[in-house]
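Hi,

Here is the structure I promised to pass on. Have a look at it first, and then read my notes below.

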Amino acid sequence: MSSRDFGLTETQRDIRAMAAGFADAEIAPHAREWDRAEQVDPAVAKRLGDLGFLGLTVPERYGGVECDLLSYVLATEELGRGDSAVRGIVSVSLGLVTKTIVAHGTDAQREEWVPRLTSGEALGCFALTEPGTGSDAGSLTTRARRDGDDWIIDGGKMFITNGTVAKVALTFARTSESGVTAFLVPTDSPGLTATEIKGKLGLRGQATAELAFDGVRVPDSARLGERDRGLGIALGALSRGRISVAAGAVGVAQAALDAALGYAGEREQFGRPIASFQLVQELLADSEVDIRASRLLTHQVARMADAGATPKEYATDASVAKYHASETAVRVSNNCLQTFGGYGFIDEYPVGKYLRDARVLTLYEGTSQVQKLIIGHALTGVDAMT
């Protein structure tokens, strides 16, 4: 038994194997093409839904696949190994949107949206970040004002994954001076426009958008959860989401190491494979150790959630995993690019893309610096962000 199989159930191994097979057959062979085109094949979302990857952990009555969070983490790692842009589709639509509707939505909201999201018929986006508000989510300026039985939303959101392809935007807007409320906004609502962001450093195949809300009217039935309690919903979703980002980062790092190992065994210099050089082995060994540590941290927080811990209870552990794994993805991708030498700088080989994709993982769903402050607060009891 390998260390990666230790402690896993047969079901967990089967889900990982299915995700690995899909990544190898239907994602990785197209990753370079999608990166160059700055667009993942739109048909991929339906395939993800058909195979159940957009419904992992969601009750079967809504078209989901009832499994534990660790199974979701195992699948997310494999999708990240195939292409982090595809992993991002799942992490946002399922991890941030669908699961939040299941956790906080009314029966009518669940019936309306969750089956469509789990099947891949529709995708969701998480509209929290704004042009002037990133890490300080509590200071968002998008506003929703009550108008009879409706709400009217005005404002803007930035760097929204799935923003141009989503059918529903889980939108957070200020509804009082101290309160934020969550809304499920259909993206075909009059007054809502999405503009795709091109020219990104990494995750180029992933649809990323700026959203503009200009008098967007939604009924009160679109409100998710209680009025003025939306920030707690957002932060809980991000705690869950950081587990997914950590798993995806492990996948990117593993893909980089796999590529470097293959290249080091084939590339010859001074009459022998470069894998025989001590300093190359040092790069590879350091990468393996970092990946194993990140994988264990990610599995640990998933097991905490599966054991019944709430997002608030595992928030620090999620930050530890996300911080370590995302920084690991950057270090490992950089080490492996070094193994490729000059060939790492051309996209005939995949390691340059891994490094570009890894870099953004240290930024979104909380920068590495924010994760350190969350961890520091847990250690000292002192909030350094206020």
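**Two helices side by side**

Helices α7 and α9 run roughly parallel to each other, because the angle between them is about 20° and anything under 35 degrees counts as roughly parallel. Do keep in mind that this is a predicted model. You'll find α7 at residues 230–266 and α9 at residues 311–340, with their axes 7 Å apart. The way α7 passes α9 is a left-handed crossing. What sort of residues make up the contact of α7 with α9? It has 23 nonpolar ones, plus seven polar and three charged.

Nonpolar side chains tend to be buried together in soluble globular proteins. Here, the largest nonpolar core has 92 residues, and the ones touching the most other members are L48, F126, L128, L170 and F172. Helix α7 turns up again, as it gives the most to this core, with 19 residues. If you zoom in on L48, leaving aside residues up to four places away in sequence, you'll see it touching F22, F53, L54, L79, V86, I89 and V90. There's also a second, separate core of 18 residues, with I153, A173, F183 and L192 among them.

**Two residues with positive phi**

Neither of these is a glycine, yet phi is positive: near 70° for D228 and about 55° for F270. D228 is in the loop between β8 (223–224) and α7, while F270 is in the loop between β9 (268–269) and β10 (272–273). Are they buried or exposed? D228 has a relative accessible area of 30%, so it is partly exposed. F270 comes out at 78%, so it is exposed.

Cheers

Definitions and conventions. Residues are numbered from 1 along each chain as its sequence is written. This is a predicted model: local features need pLDDT of at least 70, side-chain atom pairs count only at pLDDT 80 or more; totals for chains, interfaces and linings use all residues. Side-chain values use heavy atoms; hydrogens and water are left out. Axes are lines fitted to C-alpha atoms, for helices over the stretch in contact, and angles run from 0 to 180 degrees between N-to-C directions. Helices (H or I, at least four residues) and strands (E, at least two) are DSSP runs, numbered from the N terminus. Angles under 35 degrees count as roughly parallel, over 145 as roughly antiparallel, 65 to 115 as roughly perpendicular and the rest as oblique. A crossing is left-handed if the near helix is turned anticlockwise from the far one by less than a right angle, and right-handed if clockwise. Ala, Val, Leu, Ile, Met, Phe, Trp, Tyr, Cys and Pro count as nonpolar, Asp, Glu, Lys and Arg as charged, and the others, Gly among them, as polar. A nonpolar core is a set of buried Ala, Val, Leu, Ile, Met, Phe, Trp, Tyr and Cys residues joined through side-chain atoms within 4.5 Å. Buried means under 20% relative accessible area, exposed over 50%, partly exposed in between (1.4 Å probe, protein chains only). Contact means heavy atoms within 4.5 Å.
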